[in-house]
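This report covers a side-chain contact, a pair of packed helices and the nonpolar cores of one model.

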Amino acid sequence: MKVDIITIFPRMVEAGLAEGVVGRARTGGLIDIVVHNLRDFTTDKHHVVDDVPFGGGPGMVMKPEPFFAALAAISERRGTPDAVVMLTPAGVPFTQAGARRLVGLGHLVLLCGRYEGIDERVREALATEELSIGDYVLSGGEIPALAVVDAVARLVPGVVGDEQSVDADSFTRGLLDYPHYTRPAEFAGRPVPGVLVSGHHGEIRRWRRNAALERTAERRPDLLADAALDADEHEWLSKRSKS
Ligand code: 9WO
């Protein structure tokens, strides 16, 4: 899996990729991520990446030339990407299914905007898709880019130590996660559910499945339509909706 990230804040992005699962996957050679400073693709001595907006209005707009030069250099050095993703609130909502689609591609380029936005010619001519991580406007596309990289990287074989934990991820089945507990067995007058300390693995699996289902039905019923449920779970849901 190759990822190229274009940003005017490379240190911010590198810091977000240096630790944890993604950091280990990079050092272990499981993912090849290169962070590019957009200013390296300018031709003036001040490395200008923005300019005033045509038509007037507040703020500055990111110039198209540096993005075009960066994409040409990346294609030359690392091959033509399979997707060029612009991070914007106007994009398609990013989901686990979206992460699964992206991990199937070999090479992604992520474009991070700042200021008031990126010149439209970049979106028209270079971006193959636009992704949003939520309906809010941030200061830049870097945090969304890190979110996308983290979700995609976790799906690269070998990145998450225990493969089972990715498959068992409730979100992998389209459900919210079940509650997690660790020691002490009782804290602040709140005991851990007995089944989790029973040693009955079948019971524990059932408890966790029902807890994920209950939590999803309670908080995100919209996810149930596409969730991968078995017959028991469908029966449980229909009983719940009648109660
Ligand atoms: C801002 C914006 C606001 C309303 C509708 C569409 C919009 N697009 C952008 C945009 O691309 N802005 C650039 C990137 C420049 C300003 C900071 N940027 C940004 C991206 N803010 N928030 C995001 C973002 C990206 C993905 N998911 C949520 C927010």
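In this predicted model, the side chains of Glu203 and Arg206 form a polar contact at 2.9 Å. Glu203 is part of helix H8, which spans residues 201-219. Its relative accessibility is 38%, so Glu203 falls in the partly exposed class, between the limits of 20% and 50%.

Helix packing comes next. Two packed helices are described by the angle between their axes and the distance between the axes.

| H4 | 96-103 | Ala99, Leu102, Val103 | within 9 Å of H6, roughly 70° |
| H6 | 142-153 | Val148, Ala151, Val152 | within 9 Å of H4, roughly 70° |

Because the crossing angle of roughly 70° lies in the 65 to 115 degree range, H4 and H6 are roughly perpendicular to each other. The contact between H4 and H6 involves six nonpolar residues, with no polar and no charged ones.

H6 also contributes to the largest nonpolar core, which has 29 residues. Within this core, the residues touching the most other members are Ile5, Leu17, Ile33, Phe94, Leu110 and Val149. Two or more residues each come from strands E1 (2-7), E2 (32-37), E5 (83-93) and E6 (107-111), and from helices H2 (20-27), H4 and H6. H6 supplies the largest share, seven residues.

What does Leu17 touch, leaving aside residues up to four places away in sequence? Its contacts are Ile5, Val22, Gly23, Arg26, Ile33, Val35, Leu146 and Val149.

Conventions
Residues are numbered from 1 along each chain as its sequence is written. This is a predicted model: local features need pLDDT of at least 70, side-chain atom pairs count only at pLDDT 80 or more; totals for chains, interfaces and linings use all residues. Side-chain values use heavy atoms; hydrogens and water are left out. Axes are lines fitted to C-alpha atoms, for helices over the stretch in contact, and angles run from 0 to 180 degrees between N-to-C directions. Helices (H or I, at least four residues) and strands (E, at least two) are DSSP runs, numbered from the N terminus. Angles under 35 degrees count as roughly parallel, over 145 as roughly antiparallel, 65 to 115 as roughly perpendicular and the rest as oblique. Contact means heavy atoms within 4.5 Å. Ala, Val, Leu, Ile, Met, Phe, Trp, Tyr, Cys and Pro count as nonpolar, Asp, Glu, Lys and Arg as charged, and the others, Gly among them, as polar. A nonpolar core is a set of buried Ala, Val, Leu, Ile, Met, Phe, Trp, Tyr and Cys residues joined through side-chain atoms within 4.5 Å. Buried means under 20% relative accessible area, exposed over 50%, partly exposed in between (1.4 Å probe, protein chains only). A polar contact is a pair of N or O atoms within 3.5 Å; within protein, one must be able to donate a hydrogen and the other to accept it, and residues adjacent in sequence count only if both atoms are side-chain atoms.
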